[in-house]
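Please look through the sequence and the structure below before reading on. The text then goes through selected features one at a time.

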Amino acid sequence: MNIGAPSPTDIISDRKPLGSGKLPPPPTRTIAPGDKLPPARRAHSPSSDEDSGPEECDHLHMLPDASRASRRPPTVRTPKIHVPAYAAHVLVAGPRVLVATHHHLRCFDFAQFADVPMWVRDTKDMGVRDAKVTALEFRAGSRAGVVWAGTKDGRLLEVDMDSGEVTPLKLGSHAGMVTHIFRHGNAMVTVDDSGKVLVFKPTAGSDGPGLKHVYRIADKQEFVKLIGGLLWTSVRSDTSGSGPPIIRIYDVFNEGSTARTASVPPSTTHHVGAVTSGTLLQSRRGYAYLGHEGGFISIWNLSSGPECTDVVKVSSSDVLSLEGVGSRLWAGGRTGVICAYDVMSRPWVVTNAWHAHAGLPVMRIFVDPWSIEREEKLNVVSVGRDEQMRVWDGLLGVDWIGNELLKRERAFSSFRTINVLVVSWNVDATKPDALTDDLANLTFLNDALKSVSPAPDIISFGFQELIDLESRKMAAKTVLLGGKKKGEEGKISEKVTSSYKRWHDRLVREVAALSEKYTVIHTESLVGLFTCMFVKNSEKDSLKDVAISTIKRGMGGRYGNKGGIVARFVIGDSSICFINCHLAAGQHHVRQRNADVTAMLEEKSVFPPSHAVEESHAYVGGGDGSMVLDHEIVFLNGDLNYRIDQRRDAVISAIQSGDLESLHTHDQLLKEMKHNRGFRLRFFHEGPLTFIPTYKYDRRSSQFDTSEKKRVPAWCDRVLWRSRDPERVKQLHYKRYEANVSDHRPVSAAFEMTVKSVRGDAVARERGVVRELWFGTQVELLARAREFYVEQALI
């Protein structure tokens, strides 16, 4: 609540009874010519049948799209060096690593001694009293051969990287603990916790920098970093941390300069948390990026102030570390994952996301520019709360090679086609024995099964609302237990389990009546959702990595009344995943449906990971099969609940006149796929909607909803797909059926799917060719990177 705002009781006590006097006029607003108009109020639709409560606030769908991100770790080395998370300081120059912990200094050289230190020193033995190391940086002009160390008592020490010799410097003194040391060109900058800044530059007749001048900044800064030759600092605006951060920028190389106070745009200050990190980006010179608590990154134009030009939400938790690497912005968060963002796309896109630090926070990320010359690599170092450091390939060469190899897949693979049939239906708690009285009801399942010729190799039935979700009594028996294996104490009502069993038995009978023989490979339920999958017996032995799981999305992901059943298998060297889902209902709940989709597609551990990822060609993007989008081909069906944004009478009129195409522009799903660049289904495909809307009907009738709510007809029931190679999935049909025992009509989609088998000897030859190509590309990328770090005065 804002300070000074009246409380609810104040408003009530001031309210005048009707008829007690003349009421004040309604508030008015004058809009001058050229003023921006206020946003239009959202019209209430009487057909929003499930809009009884406020929409769940879920911003998942607003985050950068990670649906095409590579999960392959770009590992260079994983040294076994203990790096205490809050007490240690690390410097890296190619194969050399210096770790300072309290009074101890350890230097490693991986080119010679692997994980064993080449030397160890204790500053106490150097005659330096109370020399607890609190900051490290390579000395300017030393080519990473000499290090400056700042101490708790304000001293500066110089460390020789070859010998480990430590000597005190008598260039100047700090009043308090040295918190930061920076290198810029031929200058050194040191900062202490009292706000004293010392600037050092080379002096005549000396082989190192001498004190040039003293500068003052505010004390006890939470964030300090030299970015683009300017010293950026930040503190919280209040002790609660709820206000926007206070950012000050100093030109410490200009003695007479004054601080500039900067801020993020007022419209976002109540969201953006404290500054945690900052960096520049090679591909977007002229801009700086700051990471914030709350999952935000702010963008600053250096040529105008600097001035904050934008704020991007990238995570649901804090951005703890940030580094610009080539054309990608690398960010580390609390879950141990490092994400690389393409910031040139709008909205941003996650190109890489990998587990770096065992599920614990990524405390720091930094580039080692010395590795360009010393190892012919661009190494990026991360330090985590797991007290380990990791070294990564900043050029992401493993992804370049993998992507280039995929372009040559036909040179080392053989292919064949199989048919897939997906049947989706919201049965509205109907039992299978209700399929009577009408020919369309009696023949529906048989018609669907025979809609593909030759007979389908894979059949996936995905049903929704096998139980009455409107029944509180029934939902209470299932909402907490659905989708889990039940023991005697947690046994679900026999009425519920019998619903699933009846449909299972009916589907088995219908499939058994086909001329081909099939086996059930998957069956699973989740509070009304039911998936039953069959494979032709002739294909059964070729399946591997068969798995099925559930994802709950009801009530913030706690319950299974909304969510999905996810099944997968590998056939040959192609992985296929099927999602049967029921998304958030309600005419206006588009954002919640989008969030449901995002959560299911980006769920971290849906399946057990494959243990043969390095050799496997089945999974994509370096995935191990544990996530939905690790799979080469994904089919998604269900009651997606996307509606048509039109008046009911206009929709029915278009249906009656056969003008379905005019409704496509108002279909929420099609609009999201076309216009929302952050929508996770944007890269999925759907066949043309040539059939009339499948929702909502009066039972056993062809009449659209005649109840009091008179819901707008909609294509709620959909089948979509995504394939790494779009040419490998060809849709054979997309149709609806006229079974009328539910308020939804069933739909089916059939596909001709191409699967591959990889020849090991052939892929090895192609990999060798691709590696040779990479060496040439790497030389070009390293040259550009070196030019950037020279320009930034870091080497």
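The model is predicted.

Start with the sheet. Four strands make up an open sheet in the order β2-β3-β4-β5, and their pairing is antiparallel. Strands β2 (88-93) and β5 (119-122) stand at the edges; each has a single partner strand, so one side of each is left without a neighbour in the sheet. On average, neighbouring strands of this sheet are turned by 15° against each other, direction ignored. Within the sheet, β3 (residues 96-101) and β4 (residues 104-109) run antiparallel and are joined by six bridges. V97 has F108 in β4 as its bridge partner.

Next come the aromatic side chains. The whole structure holds 26 aromatic pairs. One of them is formed by W148 and F200, with 5.2 Å centre to centre and 85° between the planes, an edge-to-face arrangement. Because W148 lies in strand β7 (residues 146-151) and F200 in strand β12 (residues 196-202), the pair ties together parts that are 52 residues apart in sequence. Are these two residues buried or exposed? W148 counts as buried, since its relative accessibility is 0%, and F200 is buried with a relative accessible area of 0%.

Another pair consists of F635 and F751. F635 is buried, because its relative accessible area is 1%, and F751 counts as buried at 0% relative accessibility. Elsewhere, one aromatic cluster is formed by W425, F444, F461, F463, W503, F534 and Y737.

R410 lies over the face of F415, at 5.1 Å from the ring centre. The charged end of R568 sits over the ring of F607, at 4.8 Å from the centre of that ring.

The cysteines remain. A disulfide is a covalent bond between the sulfur atoms of two cysteines. How many disulfides does a search of the whole structure find? The search finds zero. As for individual cysteines, C532 is buried, with a relative accessible area of 0%, and C716 also counts as buried, at 0% relative accessibility.

Note on methods. Residues numbered from 1 in each chain as written. Predicted model: local features only at pLDDT ≥ 70, side-chain atom pairs only at ≥ 80, totals over all residues. Heavy atoms only, no water. Disulfide = S-S within 2.5 Å. Buried < 20%, exposed > 50% of the residue type's maximum accessible area, 1.4 Å probe, protein only. Pairing = 2+ DSSP bridges. Helix = DSSP H or I, 4+ residues; strand = E, 2+ residues; numbered from the N terminus. Axes fitted to C-alpha atoms, helices over the stretch in contact; angles between N-to-C directions. Phe/Tyr/Trp six-rings, centres within 6.5 Å; stacked < 30°, edge-to-face > 60°. Lys NZ or Arg CZ within 6 Å of the ring centre and 35° of its normal.
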